[in-house]
Amino acid sequence: MSKIEIIPVETRILTPKDDIAEIMQQCGKDLGPDDIITVAESVVAITQGKVLRYEDLKPGTLARLLNRFIAKEGSLAGIYGMQACMLAEGQWRVAFALLVGMIGKLFGIRGLFYRLAGAQARLIDDVSGTCPPFDKYIVYGPHEPKLEVARIHAKLNCFGVAIADVNDLKRALIVASTAGIDDAVLSKLLIDNPFGNGNQKRPICIVKNFRQAMAAHQEQGA
Amino acid sequence: MTCGATTWCTTTWSTMSWKMIPWCTLALYVLLAILVVYYLYLLFAKLQGEGHFTFDVSKRSPLKVVRGSVHGVELSCQLPFSNDGKQFGALIDVFTRHYLPREQYDALEIDTDIYRVSDPRTEKYWDAKIFYVGEGEDVVINIRLVAKSGDIVTALAEMPDLPLDIFQKTCSRSDYYYERTYLTFSGDEIRAAVKEALDEAPTEEVTENE
(Lines give C-alpha, C1' and ligand atoms only; values in the text may rest on other atoms or scores of the structure.)
Protein backbone atom coordinates (compact mmCIF):
# COMPACT_ATOMS: atom_id res chain seq x y z
CA MET A 1 0.00 0.00 0.00
CA SER A 2 1.30 3.49 -0.83
CA LYS A 3 2.26 5.55 2.16
CA ILE A 4 -0.12 8.24 3.31
CA GLU A 5 1.47 11.67 3.31
CA ILE A 6 0.17 15.05 4.47
CA ILE A 7 1.66 18.00 2.60
CA PRO A 8 0.85 21.49 3.90
CA VAL A 9 0.81 24.07 1.13
CA GLU A 10 1.98 27.60 1.77
CA THR A 11 0.11 30.44 0.10
CA ARG A 12 0.07 34.21 0.32
CA ILE A 13 -2.62 35.73 2.53
CA LEU A 14 -5.93 35.15 0.76
CA THR A 15 -8.58 37.87 0.76
CA PRO A 16 -12.18 38.33 -0.43
CA LYS A 17 -10.71 39.20 -3.84
CA ASP A 18 -9.50 35.61 -4.27
CA ASP A 19 -11.41 32.61 -5.56
CA ILE A 20 -10.58 29.64 -3.35
CA ALA A 21 -11.34 27.18 -6.16
CA GLU A 22 -8.75 28.81 -8.41
CA ILE A 23 -6.16 28.89 -5.64
CA MET A 24 -6.72 25.20 -4.88
CA GLN A 25 -6.57 24.40 -8.55
CA GLN A 26 -3.11 25.99 -8.68
CA CYS A 27 -2.00 24.12 -5.54
CA GLY A 28 -3.47 20.79 -6.62
CA LYS A 29 -1.86 20.34 -10.03
CA ASP A 30 -0.02 17.19 -8.95
CA LEU A 31 -2.96 15.51 -7.25
CA GLY A 32 -3.58 11.87 -8.07
CA PRO A 33 -6.85 9.92 -8.14
CA ASP A 34 -6.31 8.66 -4.56
CA ASP A 35 -5.41 12.04 -3.11
CA ILE A 36 -7.58 14.62 -1.42
CA ILE A 37 -7.09 18.30 -0.77
CA THR A 38 -8.30 20.09 2.34
CA VAL A 39 -8.63 23.75 3.17
CA ALA A 40 -9.08 25.66 6.42
CA GLU A 41 -12.66 26.81 6.94
CA SER A 42 -11.75 30.38 7.95
CA VAL A 43 -9.85 30.87 4.71
CA VAL A 44 -12.83 29.70 2.65
CA ALA A 45 -15.03 32.14 4.59
CA ILE A 46 -12.57 34.99 4.04
CA THR A 47 -12.53 34.40 0.29
CA GLN A 48 -16.34 34.42 0.42
CA GLY A 49 -16.21 37.82 2.16
CA LYS A 50 -17.79 36.44 5.32
CA VAL A 51 -15.97 38.83 7.62
CA LEU A 52 -17.16 41.71 9.79
CA ARG A 53 -15.49 44.41 11.79
CA TYR A 54 -16.76 45.23 15.28
CA GLU A 55 -17.71 48.64 13.90
CA ASP A 56 -20.10 46.97 11.44
CA LEU A 57 -22.19 45.50 14.26
CA LYS A 58 -24.67 47.01 16.69
CA PRO A 59 -25.09 44.43 19.43
CA GLY A 60 -28.67 44.20 20.66
CA THR A 61 -30.05 43.65 24.14
CA LEU A 62 -30.27 39.89 23.72
CA ALA A 63 -26.64 39.60 22.61
CA ARG A 64 -25.58 41.74 25.57
CA LEU A 65 -27.58 39.55 27.91
CA LEU A 66 -26.58 36.14 26.60
CA ASN A 67 -22.87 36.53 25.85
CA ARG A 68 -22.17 36.54 29.58
CA PHE A 69 -23.26 32.93 29.83
CA ILE A 70 -20.67 31.70 27.31
CA ALA A 71 -17.35 30.37 28.61
CA LYS A 72 -14.38 32.70 28.25
CA GLU A 73 -12.73 30.59 25.54
CA GLY A 74 -15.75 30.81 23.23
CA SER A 75 -15.92 33.19 20.28
CA LEU A 76 -19.43 34.13 21.40
CA ALA A 77 -18.25 35.31 24.83
CA GLY A 78 -18.08 38.88 23.57
CA ILE A 79 -21.13 40.87 22.49
CA TYR A 80 -19.86 41.25 18.91
CA GLY A 81 -19.30 37.54 18.34
CA MET A 82 -22.71 36.83 19.85
CA GLN A 83 -24.41 39.46 17.70
CA ALA A 84 -22.67 38.12 14.57
CA CYS A 85 -23.95 34.63 15.42
CA MET A 86 -27.47 35.96 16.01
CA LEU A 87 -27.45 37.71 12.64
CA ALA A 88 -26.52 34.44 10.95
CA GLU A 89 -28.67 31.98 12.90
CA GLY A 90 -31.48 34.10 14.32
CA GLN A 91 -31.49 35.65 17.78
CA TRP A 92 -34.34 33.57 19.18
CA ARG A 93 -32.79 30.33 17.95
CA VAL A 94 -29.53 31.23 19.70
CA ALA A 95 -31.40 32.29 22.85
CA PHE A 96 -33.41 29.06 22.88
CA ALA A 97 -30.27 26.99 22.31
CA LEU A 98 -28.52 28.72 25.20
CA LEU A 99 -31.47 28.09 27.52
CA VAL A 100 -31.63 24.42 26.55
CA GLY A 101 -27.85 24.18 26.82
CA MET A 102 -27.93 25.53 30.36
CA ILE A 103 -30.69 23.14 31.37
CA GLY A 104 -28.73 20.31 29.71
CA LYS A 105 -25.65 21.18 31.74
CA LEU A 106 -27.68 20.86 34.94
CA PHE A 107 -28.35 17.26 33.92
CA GLY A 108 -24.74 16.64 32.85
CA ILE A 109 -25.40 16.90 29.11
CA ARG A 110 -22.76 19.10 27.53
CA GLY A 111 -22.57 20.70 24.08
CA LEU A 112 -26.32 21.13 23.54
CA PHE A 113 -25.96 24.84 22.85
CA TYR A 114 -23.54 24.34 19.97
CA ARG A 115 -25.68 21.54 18.54
CA LEU A 116 -28.85 23.63 18.57
CA ALA A 117 -27.61 27.13 17.83
CA GLY A 118 -26.56 26.38 14.28
CA ALA A 119 -23.30 25.82 12.43
CA GLN A 120 -22.11 29.41 12.75
CA ALA A 121 -22.14 29.16 16.56
CA ARG A 122 -19.41 26.52 16.21
CA LEU A 123 -17.49 28.13 13.40
CA ILE A 124 -17.36 31.87 14.11
CA ASP A 125 -13.90 33.18 15.01
CA ASP A 126 -13.78 36.31 17.11
CA VAL A 127 -10.96 38.85 16.76
CA SER A 128 -7.49 37.33 17.02
CA GLY A 129 -8.87 33.99 15.81
CA THR A 130 -7.43 34.41 12.32
CA CYS A 131 -4.09 35.58 10.97
CA PRO A 132 -3.40 39.26 10.20
CA PRO A 133 -4.91 41.30 8.64
CA PHE A 134 -8.09 39.40 9.56
CA ASP A 135 -7.13 39.29 13.24
CA LYS A 136 -9.24 42.43 13.66
CA TYR A 137 -12.33 40.87 12.10
CA ILE A 138 -15.01 38.43 13.14
CA VAL A 139 -14.72 35.62 10.61
CA TYR A 140 -17.80 33.46 9.99
CA GLY A 141 -17.76 29.84 8.99
CA PRO A 142 -18.02 29.25 5.23
CA HIS A 143 -21.32 29.81 3.47
CA GLU A 144 -22.84 26.68 1.85
CA PRO A 145 -19.72 24.55 2.48
CA LYS A 146 -21.18 21.47 0.74
CA LEU A 147 -21.67 23.43 -2.47
CA GLU A 148 -18.23 24.96 -2.11
CA VAL A 149 -16.40 21.62 -1.87
CA ALA A 150 -18.37 20.38 -4.88
CA ARG A 151 -17.44 23.51 -6.85
CA ILE A 152 -13.75 23.10 -5.96
CA HIS A 153 -13.80 19.36 -6.72
CA ALA A 154 -15.19 20.03 -10.19
CA LYS A 155 -11.97 21.91 -10.99
CA LEU A 156 -9.62 19.21 -9.73
CA ASN A 157 -8.63 15.71 -10.68
CA CYS A 158 -8.52 14.05 -7.30
CA PHE A 159 -10.48 11.75 -4.99
CA GLY A 160 -12.09 14.51 -2.96
CA VAL A 161 -12.09 17.90 -1.30
CA ALA A 162 -12.78 18.82 2.31
CA ILE A 163 -13.14 21.95 4.40
CA ALA A 164 -11.79 21.51 7.92
CA ASP A 165 -11.77 23.46 11.17
CA VAL A 166 -8.60 22.41 12.93
CA ASN A 167 -6.78 23.95 15.88
CA ASP A 168 -3.84 23.25 18.17
CA LEU A 169 -6.16 21.98 20.91
CA LYS A 170 -6.56 18.60 19.18
CA ARG A 171 -9.82 19.53 17.52
CA ALA A 172 -10.32 18.58 13.88
CA LEU A 173 -13.85 19.11 12.63
CA ILE A 174 -14.65 18.31 9.02
CA VAL A 175 -17.08 21.06 8.03
CA ALA A 176 -17.87 19.59 4.62
CA SER A 177 -16.43 16.98 2.29
CA THR A 178 -17.21 15.52 -1.10
CA ALA A 179 -18.84 12.12 -1.44
CA GLY A 180 -16.63 9.16 -0.57
CA ILE A 181 -14.51 10.82 2.07
CA ASP A 182 -14.77 9.26 5.53
CA ASP A 183 -14.82 12.35 7.77
CA ALA A 184 -13.79 10.36 10.85
CA VAL A 185 -10.64 9.06 9.13
CA LEU A 186 -9.75 12.49 7.80
CA SER A 187 -10.38 14.09 11.18
CA LYS A 188 -7.91 11.64 12.79
CA LEU A 189 -5.29 12.47 10.17
CA LEU A 190 -5.63 16.21 10.73
CA ILE A 191 -5.71 16.08 14.52
CA ASP A 192 -2.13 17.40 14.88
CA ASN A 193 -3.03 20.50 12.89
CA PRO A 194 -0.79 20.26 9.82
CA PHE A 195 -2.14 23.68 8.79
CA GLY A 196 -0.16 25.22 11.67
CA ASN A 197 -1.34 28.47 13.12
CA GLY A 198 -2.66 31.20 10.85
CA ASN A 199 0.62 33.07 10.73
CA GLN A 200 2.31 30.12 9.05
CA LYS A 201 0.20 30.77 5.95
CA ARG A 202 -0.54 27.11 5.22
CA PRO A 203 -4.30 27.08 4.68
CA ILE A 204 -4.27 24.09 2.34
CA CYS A 205 -3.15 20.51 2.99
CA ILE A 206 -2.84 17.74 0.44
CA VAL A 207 -3.37 14.21 1.75
CA LYS A 208 -1.66 11.79 -0.62
CA ASN A 209 -3.10 8.27 -0.96
CA PHE A 210 -6.06 9.05 1.26
CA ARG A 211 -8.40 6.62 -0.50
CA GLN A 212 -6.12 3.67 0.24
CA ALA A 213 -5.63 4.73 3.84
CA MET A 214 -9.37 5.06 4.23
CA ALA A 215 -9.97 1.59 2.78
CA ALA A 216 -7.36 0.10 5.11
CA HIS A 217 -8.95 1.83 8.08
CA GLN A 218 -12.41 0.57 7.13
CA GLU A 219 -11.07 -2.98 6.75
CA GLN A 220 -9.54 -2.79 10.22
CA GLY A 221 -12.86 -1.53 11.56
CA ALA A 222 -14.73 -4.40 9.93
CA MET B 1 -61.20 53.67 44.62
CA THR B 2 -58.94 51.09 46.18
CA CYS B 3 -56.19 49.38 44.28
CA GLY B 4 -56.76 45.78 43.30
CA ALA B 5 -53.59 44.83 45.15
CA THR B 6 -55.44 45.03 48.47
CA THR B 7 -57.96 42.48 47.26
CA TRP B 8 -55.21 40.28 45.94
CA CYS B 9 -53.17 40.39 49.14
CA THR B 10 -56.06 39.27 51.25
CA THR B 11 -56.83 36.39 48.91
CA THR B 12 -55.10 33.11 49.57
CA TRP B 13 -53.62 31.03 46.72
CA SER B 14 -55.89 28.12 47.56
CA THR B 15 -59.03 30.09 46.91
CA MET B 16 -57.71 32.27 44.13
CA SER B 17 -58.23 31.83 40.42
CA TRP B 18 -56.71 33.82 37.56
CA LYS B 19 -60.03 35.58 36.99
CA MET B 20 -59.89 36.98 40.51
CA ILE B 21 -56.57 38.80 39.97
CA PRO B 22 -57.18 42.32 38.71
CA TRP B 23 -55.30 42.99 35.49
CA CYS B 24 -53.40 45.96 36.95
CA THR B 25 -52.13 43.81 39.82
CA LEU B 26 -51.01 41.11 37.43
CA ALA B 27 -49.20 43.70 35.31
CA LEU B 28 -47.56 45.09 38.42
CA TYR B 29 -46.26 41.68 39.45
CA VAL B 30 -45.02 40.88 35.94
CA LEU B 31 -43.21 44.23 35.91
CA LEU B 32 -41.72 43.51 39.31
CA ALA B 33 -40.55 40.08 38.15
CA ILE B 34 -38.92 41.62 35.08
CA LEU B 35 -37.21 44.23 37.24
CA VAL B 36 -35.95 41.59 39.66
CA VAL B 37 -34.54 39.50 36.79
CA TYR B 38 -33.00 42.63 35.24
CA TYR B 39 -31.33 43.69 38.46
CA LEU B 40 -30.14 40.15 39.11
CA TYR B 41 -28.59 40.20 35.66
CA LEU B 42 -26.91 43.56 36.37
CA LEU B 43 -25.56 42.14 39.61
CA PHE B 44 -24.31 39.05 37.78
CA ALA B 45 -22.65 41.20 35.10
CA LYS B 46 -21.03 43.38 37.75
CA LEU B 47 -19.73 40.37 39.66
CA GLN B 48 -18.52 38.76 36.44
CA GLY B 49 -16.67 41.96 35.55
CA GLU B 50 -14.64 42.92 32.51
CA GLY B 51 -11.13 42.54 31.21
CA HIS B 52 -8.85 45.53 31.69
CA PHE B 53 -5.28 46.18 30.64
CA THR B 54 -2.71 48.19 32.52
CA PHE B 55 0.55 49.26 30.95
CA ASP B 56 2.82 49.67 33.96
CA VAL B 57 4.71 52.89 33.30
CA SER B 58 6.47 52.63 36.67
CA LYS B 59 8.28 49.50 35.45
CA ARG B 60 9.54 51.04 32.22
CA SER B 61 13.19 50.22 31.50
CA PRO B 62 15.60 53.11 30.85
CA LEU B 63 15.99 54.26 27.25
CA LYS B 64 18.85 52.65 25.35
CA VAL B 65 20.26 53.45 21.95
CA VAL B 66 19.76 50.48 19.62
CA ARG B 67 21.25 52.04 16.50
CA GLY B 68 22.50 55.39 15.46
CA SER B 69 24.44 57.55 13.06
CA VAL B 70 25.73 61.09 12.94
CA HIS B 71 22.29 62.32 11.89
CA GLY B 72 19.90 60.08 13.73
CA VAL B 73 19.37 57.71 16.59
CA GLU B 74 16.90 54.98 17.53
CA LEU B 75 16.16 54.49 21.20
CA SER B 76 14.22 51.71 22.79
CA CYS B 77 12.70 50.73 26.11
CA GLN B 78 10.37 48.03 27.46
CA LEU B 79 7.47 48.05 29.84
CA PRO B 80 5.09 45.34 30.98
CA PHE B 81 1.33 45.17 30.55
CA SER B 82 -1.16 42.70 31.93
CA ASN B 83 -4.83 41.96 32.09
CA ASP B 84 -5.65 43.01 35.65
CA GLY B 85 -9.40 42.79 35.10
CA LYS B 86 -11.82 40.00 36.06
CA GLN B 87 -12.42 38.62 32.57
CA PHE B 88 -10.53 37.83 29.37
CA GLY B 89 -9.70 40.83 27.24
CA ALA B 90 -8.60 41.33 23.65
CA LEU B 91 -6.02 43.93 22.78
CA ILE B 92 -7.30 44.54 19.27
CA ASP B 93 -5.00 47.39 18.40
CA VAL B 94 -2.23 49.24 20.17
CA PHE B 95 -0.32 52.20 18.78
CA THR B 96 1.70 55.19 19.93
CA ARG B 97 1.26 58.93 19.41
CA HIS B 98 4.00 61.39 20.28
CA TYR B 99 3.32 65.01 21.06
CA LEU B 100 6.21 67.27 20.24
CA PRO B 101 4.81 69.75 17.71
CA ARG B 102 7.08 71.86 15.52
CA GLU B 103 5.86 74.97 17.33
CA GLN B 104 7.59 73.59 20.41
CA TYR B 105 10.69 72.02 18.87
CA ASP B 106 11.55 71.95 15.19
CA ALA B 107 15.02 70.43 15.07
CA LEU B 108 14.00 66.77 14.81
CA GLU B 109 11.94 64.34 12.74
CA ILE B 110 10.30 61.99 15.24
CA ASP B 111 8.78 58.56 14.71
CA THR B 112 7.64 56.04 17.30
CA ASP B 113 6.21 52.54 17.35
CA ILE B 114 5.27 49.74 19.72
CA TYR B 115 5.20 45.95 19.52
CA ARG B 116 5.03 42.92 21.79
CA VAL B 117 8.33 41.28 22.72
CA SER B 118 6.91 37.98 21.46
CA ASP B 119 5.91 39.50 18.12
CA PRO B 120 8.65 41.88 16.90
CA ARG B 121 7.57 43.93 13.89
CA THR B 122 8.78 46.88 11.86
CA GLU B 123 5.58 47.74 9.96
CA LYS B 124 3.71 49.20 12.95
CA TYR B 125 1.07 46.45 12.94
CA TRP B 126 -0.39 45.09 16.15
CA ASP B 127 -1.60 41.51 15.88
CA ALA B 128 -4.79 41.32 17.97
CA LYS B 129 -4.48 38.91 20.87
CA ILE B 130 -6.64 37.69 23.73
CA PHE B 131 -5.17 37.70 27.23
CA TYR B 132 -6.87 35.86 30.06
CA VAL B 133 -6.92 37.19 33.63
CA GLY B 134 -3.40 37.81 34.92
CA GLU B 135 -1.75 37.25 31.56
CA GLY B 136 0.47 39.82 29.91
CA GLU B 137 3.91 40.44 28.55
CA ASP B 138 6.36 43.24 27.72
CA VAL B 139 6.06 45.74 24.91
CA VAL B 140 8.96 47.46 23.19
CA ILE B 141 8.67 51.16 22.41
CA ASN B 142 11.00 52.52 19.74
CA ILE B 143 11.73 56.22 19.26
CA ARG B 144 13.52 57.31 16.11
CA LEU B 145 14.98 60.82 16.10
CA VAL B 146 16.60 62.30 13.02
CA ALA B 147 18.15 65.78 12.94
CA LYS B 148 16.48 68.00 10.35
CA SER B 149 19.91 69.49 9.71
CA GLY B 150 23.35 68.85 11.13
CA ASP B 151 24.26 66.18 13.63
CA ILE B 152 21.95 64.50 16.11
CA VAL B 153 23.86 65.56 19.22
CA THR B 154 23.41 69.23 18.33
CA ALA B 155 19.76 68.66 17.38
CA LEU B 156 19.11 67.05 20.77
CA ALA B 157 20.85 69.77 22.77
CA GLU B 158 17.72 71.80 23.50
CA MET B 159 15.16 69.03 23.12
CA PRO B 160 12.31 69.35 25.67
CA ASP B 161 10.48 66.39 27.20
CA LEU B 162 8.78 64.03 24.74
CA PRO B 163 5.23 63.08 25.76
CA LEU B 164 4.06 59.81 24.24
CA ASP B 165 0.68 58.09 24.64
CA ILE B 166 -0.03 54.42 24.15
CA PHE B 167 -3.52 53.95 22.66
CA GLN B 168 -5.23 50.63 23.30
CA LYS B 169 -8.35 49.37 21.55
CA THR B 170 -9.70 46.84 24.00
CA CYS B 171 -12.69 44.54 24.13
CA SER B 172 -13.94 42.10 26.71
CA ARG B 173 -17.53 41.12 27.52
CA SER B 174 -18.98 44.54 26.62
CA ASP B 175 -18.43 47.24 23.99
CA TYR B 176 -14.94 47.86 22.72
CA TYR B 177 -13.26 51.04 23.92
CA TYR B 178 -10.10 53.04 23.57
CA GLU B 179 -7.87 53.77 26.50
CA ARG B 180 -4.59 55.63 26.66
CA THR B 181 -1.54 55.41 28.85
CA TYR B 182 0.61 58.50 29.31
CA LEU B 183 4.39 58.35 29.14
CA THR B 184 6.99 61.08 29.13
CA PHE B 185 10.60 60.74 28.06
CA SER B 186 12.58 63.63 29.43
CA GLY B 187 15.01 65.46 27.20
CA ASP B 188 17.70 64.74 29.77
CA GLU B 189 17.06 60.99 29.62
CA ILE B 190 17.27 60.98 25.82
CA ARG B 191 20.50 63.02 25.83
CA ALA B 192 21.99 60.80 28.54
CA ALA B 193 21.17 57.63 26.57
CA VAL B 194 22.80 59.05 23.44
CA LYS B 195 25.83 60.23 25.41
CA GLU B 196 26.19 56.79 26.99
CA ALA B 197 26.07 55.12 23.58
CA LEU B 198 28.68 57.52 22.23
CA ASP B 199 30.92 56.93 25.24
CA GLU B 200 30.64 53.15 24.90
CA ALA B 201 31.30 53.00 21.15
CA PRO B 202 33.65 55.12 19.09
CA THR B 203 31.82 57.55 16.78
CA GLU B 204 32.91 55.57 13.71
CA GLU B 205 31.18 52.39 14.93
CA VAL B 206 27.94 54.17 15.67
CA THR B 207 28.11 55.78 12.25
CA GLU B 208 28.51 52.40 10.56
CA ASN B 209 24.96 51.51 11.48
CA GLU B 210 23.56 54.36 9.44
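# A tour of chains B and A

Read along the sequence, chain B runs α-α-β-β-β-β-β-β-β-α-β-β-α-α. The model you have open is predicted. Select chain B to begin: its secondary structure amounts to five helices and nine strands. Colour chain B by burial, and 22% of its 210 residues count as buried. Now display the contacts in chain B between residues with a separation of 6 or more; 71% of these join residues 24 or more positions apart.

**Where the chains touch**

Next, show both chains. The contact between them involves 13 residues of chain A and 20 residues of chain B. On the chain A side, these residues are six nonpolar, three polar and four charged.

**The two domains of chain A**

Domain 1 is made of residues 5-49 and 142-221, and domain 2 of residues 51-139. Their centres, taken over C-alpha atoms, are separated by 25 Å. Where the two domains of chain A touch, domain 1 contributes 10 residues and domain 2 contributes seven residues. Select helix α2 of chain A, residues 41-47: this helix supplies four residues, the largest share of the domain 1 side of that contact. By class, the domain 1 side has four nonpolar, four polar and two charged residues.

**Along helix α5**

Select residues 91-106 of chain A, which form helix α5. How far apart are the end C-alpha atoms of this helix? They are 23 Å apart, which agrees with the 22 Å that its 16 residues should span at 1.5 Å a residue.

Show the side chains of A:V94, A:A97, A:L98 and A:G101, which are buried in α5(A). Why do these residues lie on the same side of the helix? They cover an arc of only 100 degrees around the axis, so they share one side of α5(A).

Terms used. Residues are numbered from 1 along each chain as its sequence is written. Chains are lettered from A and ligands numbered from 1 in the order in which they are written. This is a predicted model: local features need pLDDT of at least 70, side-chain atom pairs count only at pLDDT 80 or more; totals for chains, interfaces and linings use all residues. Ala, Val, Leu, Ile, Met, Phe, Trp, Tyr, Cys and Pro count as nonpolar, Asp, Glu, Lys and Arg as charged, and the others, Gly among them, as polar. Domain bounds come from an automatic or database domain assignment. Helices (H or I, at least four residues) and strands (E, at least two) are DSSP runs, numbered from the N terminus. The expected span of a helix is 1.5 Å times one less than its number of residues. A residue is buried if 20 or more other C-beta atoms lie within 10 Å of its own, exposed if 12 or fewer, and partly exposed in between; C-beta atoms are placed from the backbone. The arc is that of the directions from the helix axis to the C-beta atoms.
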